[in-house]
Amino acid sequence: MPQQPNSEVQLLELLALRTSGISSRQLLRLFLDSEATQPELPLGLPTGIECYRDNIERALPQAKEELARCLKSNTYLLPCFSSEYPEALRVLGGAQPPLLYARGNLQLLLSVATHRRLAVIGTRQPSHEGLAAAYRIAREEAEKGAIILSGLAYGCDAAAHRGALDAAGRTIALIATGVDRTHPEGHQALQEEIIASGGLVLSEYPLGTPVDKYRLIARNRLQAALSSALLVIECGLKSGTMHTVRFAERYHRPIYALPSHGRDLPSLEGNKLLLSSGRAKPWTGREMED
């Protein structure tokens, strides 16, 4: 059974306030900003979270139900105020998730502070060369001890996860649904294999949450923030991969891209742009060495 944070009361307050519709930014302010709990003037009025006590009491039964579901499904809850919350996500500032849900090896998430983390990303429809490269590079880097991050999608993502698994390495799947769901559904077996093999599945969304395009885009910021380097295998000019690249630029993560495989492919147009503009450097295989 996953261990819950020391303050279950505080966790339930967070779950209740989110259920009642309090925004993520306000939740972060309430639970992370100590000044928010201090009165500006000693008027004896409620301050900070106490202003929302009625909201908490109304939503507390739902919060307790959600916590029970997570415990039953072996889902870890990592609130923003927990010591187990990954420090790498603090770079997101007001866009960091107030709460993370995880299944699998939680120590793997905690180790992102001390281990090399390579996000391997790209199109869902890569060339044969791109698919092979995603698998090979992920396997090689996992064998060297790197944690491989990707998004569980078809194509480059799946090849990267598979490469890490075949190397008996470590991989984290960042998903845009609840951790009790799988997107795409065809990757349910892969998702379960990642968990069973000592990997981790991570989401910012409650159990039961379905996928949509906005959650997929939001998920990309977590990939960029958790990585220590980003590798684009193949992507088109309007690929969703470009969202992750832009997040990586914002968070000052090194960006690499594979050069042309010797063929003129639409799935490499994004790579060409990134390399020619200097936004990415060509991958040589030595980037993750200490």
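Mentor: T182 sits in the loop between β5 (170–174) and α7 (188–196); helices (H or I, at least four residues) and strands (E, at least two) are DSSP runs, numbered from the N terminus. This is a predicted model: local features need pLDDT of at least 70, side-chain atom pairs count only at pLDDT 80 or more, and totals for chains, interfaces and linings use all residues. Residues are numbered from 1 along each chain as its sequence is written, and side-chain values use heavy atoms, with hydrogens and water left out.

Trainee: Is T182 buried or exposed?
Mentor: Buried, because its relative accessible area is 16% and buried means under 20%, exposed over 50%, partly exposed in between (1.4 Å probe, protein chains only).

Trainee: What does T182 touch?
Mentor: Not counting residues up to four places away in sequence, T182 touches L152, T177, H187, Q188 and Q191; contact means heavy atoms within 4.5 Å.

Trainee: Now α2. Which of its residues are buried?
Mentor: In helix α2 (residues 24–32), they are Q26, L27, L28, L30 and F31. They pack against α1 (8–19).

Trainee: And what is F31 in contact with?
Mentor: Leaving aside neighbours within four places in sequence, F31 is in contact with Q10, E13, L14, L17, I49, C80 and F81.

Trainee: Changing topic, where is R263?
Mentor: R263 is in the loop between β8 (255–257) and α10 (269–276). R263 is partly exposed, at 39% relative accessible area.

Trainee: How many residues apart in sequence are R263 and S127?
Mentor: 136, yet they are 9.8 Å apart in space, C-alpha to C-alpha.
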